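Subject: Handover of a structure

Dear colleague,

My notes on what was found in it follow.

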Amino acid sequence: MFTRSQRIRSVIVQALTVLLAILFLSPFYFVLVNSVKSLGEIMVDAASLPEKYLFTNYSKVWDIIRFPKVLGNSAAITLLSVAGIVVLSSMTAYRLARKPTLFNRILFTAFISSMIIPFQSIMLQLVRVTSLLELRGNMIGIIVCYLGFGMSMSVFLFHGFIKSVPLEIEEAAVVDGCSPYGVFWRIVFPLLRPIVMTVVILNGLWIWNDYLLPVLIIGSNKDITTIPLAVTRFFGQFTKQWDLALAGLTMSIAPIIAVFIMLQKYIVEGIVAGSLKG
Amino acid sequence: MKASKRASEWAQQAVFVGPGLIAFTLIVLVPFLLGFYYSFTEWNGLDLDKAKWIGMDNFHRIFMSDDNFWASFRFTIKFTVLTVIGANLLAFLLALMLTSAIKGRNVLRTIFFLPNVIGGILLGYIWQFIFTKGFKTIGELTGWHLFQLSWLGTPQTGFWGLTIVFIWQTAGYMMVIYIAAIVGVPKDLIEAAKIDGASYFQTIRKVMLPLVVPAITVCLFLTTSNAFKMFDLNLSLTKGGPGTSTQSLAYNIYAEALVNNRYGLGTAKALLFFLVISIITVTQVWLTKRKEVEA
């Protein structure tokens with residue numbers, strides 16, 4: 001079936017991809033092996049496996065950056081914000097798609113156009129606005145910020161999907177005496193599941209890894225520090241303490257990698273769906 | 001009856017659109033519009049309520065005497081051009097290889113995608129270690145000059161360091177989009193081309209490429225706007241240094257406002273930043289959209 005040249009080509013491609021994959025993974029190898037070495041050993045040889053496994057690096061950093069606390073904060077902020085974004089943006093998109101009045105059409109255009117605004121063009125004035133509204137330094141504040149920033153793209157994604165949901169289903173429910181709110185939550189929302197996944201994944205990855213907004217809004221309030229903030233503060237205090245730093249980095253990236261490996265099918269599908277719509 | 005129907009419509013509009021609209025207005029719209037005012041003021045982060053109107057002074061200063069800003073502008077353009085080309089070529093190549101008949105495709109896809117789920121801040125710190133300690137060891141082991149350079153110590157290598165890490169981070173994301181597009185190319189078209197005697201590269205160039213242009217549009221748009229707005233990586237990998245030689249535009253704005261505490265000037269720069277991004281992305285989408293064809 002396969003000619004000789006085809007077989008040679010597939011061997012070359014196979015070798016090339018494996019080689020590239022090793023190259024892609026090598027930074028993680030360096031981080032992992034050196035996270036259990038002493039600083040002295042790292043300085044001498046950063047490539048070999050450790051002579052002595054020093055797991056105390058981990059227990060030390062665990063306490064220094066208060067890992068359980070910051071992990072909980074990151075999780076709480078991400079989950080609550082994403083849940084809020086899904087509820088608010090799906091409801092908004094539903095109304096905008098089903099009742100395209102002049103106001104609603106202008107609003108939809110405003111949502112879409114705002115996607116082009118870079119964060120830097122908003123952040124300083126946002127500091128002013130959130131100070132006035134007393135949204136700075138508390139968890140509700142940062143979640144409200146994520147709701148605001150998450151709206152435009154999510155409304156856009158839901159809007160596109162809702163337009164493909166047949167109106168007849170809703171009309172039938174209305175005839176059966178369902179209220180407009182019941183129609184949305186009991187009939188339409190369950191049909192939105194594929195796009196809900198996309199919205200959850202795109203927003204979840206963004207919020208979990210976000211750095212600058214938490215710096216501005218959470219600032220120095222240590223009680224609601226997130227993982228990126230804690231790691232950055234750690235690097236500021238312990239410059240060149242690579243033994244501890246690498247243990248800290250490893251535990252900080254572990255949760256998101258675990259989630260990714262468990263949900264990778266959905267994550268990749270979600271990203272593809274989100275990108276091709278956009 | 002009619003009045004109550006209208007009241008119900010108003011209530012629905014308020015319930016469905018209200019909360020989202022309020023959040024969007026307070027967090028995005030109002031601050032964005034305020035930017036047009038604060039750009040013309042002298043304003044600092046310590047007295048947030050005391051902005052002083054100074055007319056065109058900020059813009060005058062940016063255009064006449066802010067060499068750093070223009071250096072970071074050039075830096076960002078160069079960075080964007082190189083990473084957009086690099087990331088998309090690598091991503092397309094990976095997508096081509098991973099859609100051919102090889103073993104372990106799913107595992108390989110996972111590996112190439114992996115850097116994406118980790119945030120730029122953490123990736124920057126990881127690579128800071130690779131460039132300073134990892135490369136040093138590899139240099140000692142292999143004796144290759146390339147690894148013995150002080151990668152984060154000079155402006156040129158610092159630039160290349162950022163470029164490499166950004167491509168490494170971005171390629172996997174673009175790869176999955178390209179894979180989806182390539183899988184969607186009808187098999188019979190490829191077969192027909194082969195039967196007509198087209199070589200492998202001719203098939204890709206003449207048959208596949210025109211059909212995946214929508215994916216190329218999306219990927220070019222995403223990489224361009226992400227590269228142009230690059231910030232997290234910049235902060236954790238080089239901190240804009242040595243000196244200010246590797247400052248991206250986004251970093252320059254951040255430093256102006258939050259390090260130099262000149263919020264007014266920072267807002268003015270951010271307004272220019274917005275204008276440039278709008279022009280670039282709109283032009284680019286318009287250019288690639290024209291090339292799209294139907295199968």
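Helices in these notes are DSSP runs of H or I with at least four residues, numbered from the N terminus. Please bear in mind that this is a predicted model.

Confidence in chain A

The mean pLDDT of chain A is 91, and 99% of the residues score at least 70. Within chain A, helix α4 (residues 67-98) has the highest confidence, at 96, while helix α2 (residues 39-44) has the lowest, at a mean of 85.

The contact between the chains

Chain A contributes 68 residues to the contact and chain B contributes 72 residues. On the side of chain A that touches chain B, helix α13 (residues 242-277) of chain A supplies the largest share, 14 residues. That side of chain A consists of 48 nonpolar, 17 polar and three charged residues.

Helix α1 (residues 4-34) of chain A packs against helix α4 (residues 105-113) of chain B at an angle of about 35°, and their axes are 9 Å apart. The crossing of α1(A) and α4(B) is left-handed. From α1(A), the residues T17(A), A21(A), F24(A) and L25(A) meet L108(B), I111(B) and F112(B) of α4(B). Six of the residues in this contact of α1(A) with α4(B) are nonpolar, one is polar and none is charged.

Helix α12 of chain B

Helix α12 (residues 249-259) of chain B is mostly covered, with eight of its 11 residues buried. Among the buried residues are L249(B), Y251(B), I253(B) and E256(B). The buried residues of α12(B) pack against α6 (120-132) of chain A, and also against α3 (67-98), α11 (232-237) and α13 (263-289) of chain B.

Two residues with positive phi

After α12(B) comes N261(B), which has a positive phi near 60° although N261(B) is a residue other than glycine. N261(B) belongs to the loop between α12 and α13 of chain B. With 13 other C-beta atoms within 10 Å, N261(B) is partly exposed.

In chain A, E134(A) is not a glycine either, yet its phi is positive, about 55°. E134(A) is located in the loop between α6 and α7 (139-162) of chain A. E134(A) has 10 other C-beta atoms within 10 Å and is therefore exposed, since a residue counts as exposed at 12 or fewer.

With kind regards

Technical notes: Residues numbered from 1 in each chain as written. Chains lettered and ligands numbered in written order. Predicted model: local features only at pLDDT ≥ 70, side-chain atom pairs only at ≥ 80, totals over all residues. Contact = placed C-beta atoms within 7 Å. Nonpolar A, V, L, I, M, F, W, Y, C, P; charged D, E, K, R; others polar. Buried ≥ 20, exposed ≤ 12 C-beta atoms within 10 Å, placed from the backbone. pLDDT = per-residue confidence, 0-100. Axes fitted to C-alpha atoms, helices over the stretch in contact; angles between N-to-C directions. Left-handed = near helix turned anticlockwise from the far one by under 90°.
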